[in-house]
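Reader: I'd like to learn how to read packing, sheets and contacts in a model like this one. Can you walk me through it?

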Amino acid sequence: MAVERILKEYPYVVELAERLRETKLKVIGDLEAYVERAMKSVERNGGHAYLAKTKDEARKIVTDVVREAPAKEEGKRKGGKRTVVLAKSNVAYEIGLREGLIKQGFEAWETDLGEFLVQLRKGWPVHLVLPSLDLTREEAGRLVHGIDKNVNEDSSIEQIVAAVRGFLFEKYLAADVGITGANAVSADTGSVVLVENEGNIRMDTVMPRTHVVVTGVEKVVPTLRDALDEAIVQSAYAGLYPPTYINVTTGPSSTADIESHRVSPATGPRDFHLVFLDDGRIAASKDENVREALLCIKCGRCYFACPVYRELGREWVGTGSPYNGPTGVVWNYITNGDPWPAFLCAHSGGCKEACPMKIDLPTIIRYVKSAGEKKL
Amino acid sequence: MDEDKIKDRVRLIRSLVTRNLMRDYVPFPMDRKLASSWALPLDVPRGGDTLIYTSYMYQMSSVFKSYGRLLPKIGSLASSSLVQGLGARVIKPSDEEMKRASSILSNAYSLIRASGVEAGYLYEEEPYSGALLLEMGFLDELKDYGKKLLSFFRDRGTKRLIVLDPHTLFTLTYLKREVGFDVPFQHYVDVVRGAKGEGNFVLHDSCVFSRLLDRYSSLRDFIRQTGISLSEDELVTGRATGSCCGGPLASLDYELSEDMAKQRAEELKRVNPRVLVMCPICLSQLSPYADVRDLLEVIRRERKLEVGHSQGGRLKRDGGGEDPEGIPVRRRAG
């Protein structure tokens, strides 16, 4: 009921959501052009922009950037492996990024607390916004014991959080590359907007010398104002409003404080890379039966409105996709071509009612079932 | 999720249901005489311009559920003639279930008549709507069957269908859009006038009726007008938060379907031990786990309306539009 309370208290969020739906529908109607415009804006700001068609291509681009990134420590400069800190990103899961980096020998740490716990347990997120929703305090304590012997199953939540903070702070200081997702990317300014509460994204985007953003092409919106609207709407419908932080990143850090001469870097990163992932999204934008699914702002509200997700949880879509619940059934189809979890949709319709973008998920899921049936 | 199991079931159900529907107008082997026997004591006219359309939903929802449970046991044999012939004799509703269904359908007929509408019935000739095809996403198959269904009613000169359950209503709404199903249809709550009921219940919304067909508010208006009061809890009966009985999944994953039914029944009982439904699938699913009544079990006609005095009107959809057909209740010639 947190969302209902938020919407009652901040009714302008509903208006923003309605406007955002219209804006994003317009973008989806001409997705490639908006992506191109956003990429040009990023380049104009001194950043680097890429469009990866597939998961493998995206992972390779990011891995190459990490490999070539400037290192903070002398030892790493002479061929040592880079340290990477990651903010929670579903696209990073979609392309198998963390595991891919670790396999390549890099040190990679999730910095969102929920994702960090998922990493410690070698698990898979159970929800888009609350990845460790299924974990108890005792289980979290036992997991964190692995990095801090002072913490155990009897520790308080405050003690657990403090221990993780201490552990991750050392990683922020050592990190050569920070990798984030994006809540939205503005085509006009090439800005990346990220909303959060923990403060880890601030650290991930400022402490390392290289910031890499990996996100889906559907996150493009026309203007920075639209991008900020999306951050506001996403946090409200995720039940976390007002957000503690909204981060805007537009290229590498810079300063013009001396003789008005702009130089880069300043205090923040020296390099900024934006990797857009297609992975079925552009094809979906041209398919009238599923295109509306691209409006999803990944608030995860539909998960809780779905009786099947409430019964099956992570097991519904499984570990082949970070997307679960009603929206995930469709996203799993878009990004993996997998229609089978859709057949367990009971068409309760709660998802459509809960969705801030009013995506007609029951109808889309029925189409996904139909597409699956044709494969048999 | 067991992908192979899903594929096997989908393949099996498609083959079984499509074959039966295209040949016999019913999805599974069933005793159609038994299913239509409710109308005999009432001497419901056979055929006619206006038909009460049960689509076998109240009579056979337990049978559909049984097929869901038995499919994994009979497997691919389900589509064989031998098993199909056996099915109609072995898989049938219990006497108690048939008695309950007969009572519900009889009351529906009485309520409709008392509202000034003369409705006939096709008895064992009645075709199934194809709702299961829609639930399963067999959209091409449904379109094919929908055309056949339309011809069936056109051939009989049907001018109007009065539908008793949400799934049939939803299917006909889909067919109207997709294949031009132009036989007018209405749900009984848009036809029945002056019904009376009493008692306090928690309403378990039909997902199809209240959310997918946008009737959440107008259904409550109808129920409250009868004199029944409803207990509400935003977390249990809210438009976005109300949950499913699990029925649509019975043929794919029987255990999941039952788990959902149990869970839903527990939620509802926390609000009120007396649960009200308006869908035969919800009734069948939730009845083992709670004290459940169908709306057609708790409303009665207040008085028989005189011919020509029906208050034929139009219930608004929640979205502000008219009912799917926008049909006023036809008045009997006075």
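This is a predicted model: local features need pLDDT of at least 70, side-chain atom pairs count only at pLDDT 80 or more; totals for chains, interfaces and linings use all residues.

Reader: Which residues of helix 9 of chain A and helix 10 of chain A make the contact?

Author: From helix 9 of chain A you have A:R137, A:A140, A:G141 and A:V144, and from helix 10 of chain A they are A:I157, A:I160, A:A163 and A:V164. Sorted by class, that contact holds six nonpolar residues, one polar and one charged.

Reader: And what about the geometry: at what angle do helix 9 and helix 10 of chain A pack?

Author: Helix 9 covers residues 137-145 of chain A and helix 10 covers residues 157-174, and they pack at about 30° with their axes 10 Å apart. Angles under 35 degrees count as roughly parallel, which is why helix 9 of chain A is called roughly parallel to helix 10 of chain A.

Reader: Okay, on to sheets. What should I look for?

Author: The general idea is that strands of a sheet pair through backbone hydrogen bonds, either parallel or antiparallel. In chain A, four strands form an open sheet in the order 8-5-6-9, with mixed pairing.

Reader: Which strands of chain A stand at the edges of that sheet?

Author: Those are strand 8 (220-221) and strand 9 (245-249) of chain A; each has a single partner strand, so one side of each is left without a neighbour in the sheet. To see one pairing up close, take strand 6 (residues 192-196) of chain A, which runs antiparallel to strand 9 of chain A and is joined to it by five bridges.

Reader: What is the strand order of the open sheet in chain B, and is the pairing parallel or mixed?

Author: The order is 6-5-7-8 in chain B, four strands in an open sheet, and the pairing is parallel. Its edges are strand 6 (229-231) and strand 8 (291-294) of chain B, each with a single partner strand, so each has one side without a neighbour in the sheet. From one strand to the next, the twist averages 45°. For a pairing to inspect, strand 5 (residues 200-203) and strand 7 (residues 274-277) of chain B run parallel and are joined by two bridges. The bridge partner of B:L203 in strand 7 of chain B is B:L276.

Reader: Let's zoom out to domains. How is chain A divided?

Author: The domain assignment gives domain 1 of chain A as 2-110 + 176-280 and domain 2 as 287-373. Their C-alpha centres lie 25 Å apart. The contact takes 17 residues from domain 1 of chain A and 15 residues from domain 2 of chain A. On the domain 1 side of chain A, helix 2 (12-28), helix 6 (90-94) and helix 12 (224-237) each supply at least two residues. Helix 2 of chain A gives the most to that side, with five residues.

Reader: How far apart are the C-alpha centres of the two domains of chain B?

Author: Domain 1 and domain 2 of chain B have C-alpha centres 21 Å apart. Their contact draws 27 residues from domain 1 of chain B and 23 residues from domain 2 of chain B. Helix 3 of chain B makes the largest share of the domain 1 side, nine residues. By class, that side has 14 nonpolar, eight polar and five charged residues.

Reader: Last one: how many residues are in contact between chain A and chain B?

Author: 24 residues of chain A are in contact with 32 residues of chain B. Helix 15 (307-312), helix 17 (350-354) and helix 18 (361-373) of chain A are the elements giving two or more residues to the chain A side. Helix 18 of chain A gives the most, with five residues.

Key: Residues are numbered from 1 along each chain as its sequence is written. Chains are lettered from A and ligands numbered from 1 in the order in which they are written. Axes are lines fitted to C-alpha atoms, for helices over the stretch in contact, and angles run from 0 to 180 degrees between N-to-C directions. Angles under 35 degrees count as roughly parallel, over 145 as roughly antiparallel, 65 to 115 as roughly perpendicular and the rest as oblique. Two residues are in contact if their C-beta atoms, placed from the backbone, lie within 7 Å. Ala, Val, Leu, Ile, Met, Phe, Trp, Tyr, Cys and Pro count as nonpolar, Asp, Glu, Lys and Arg as charged, and the others, Gly among them, as polar. Domain bounds come from an automatic or database domain assignment. Two strands pair if DSSP finds at least two bridges between them.
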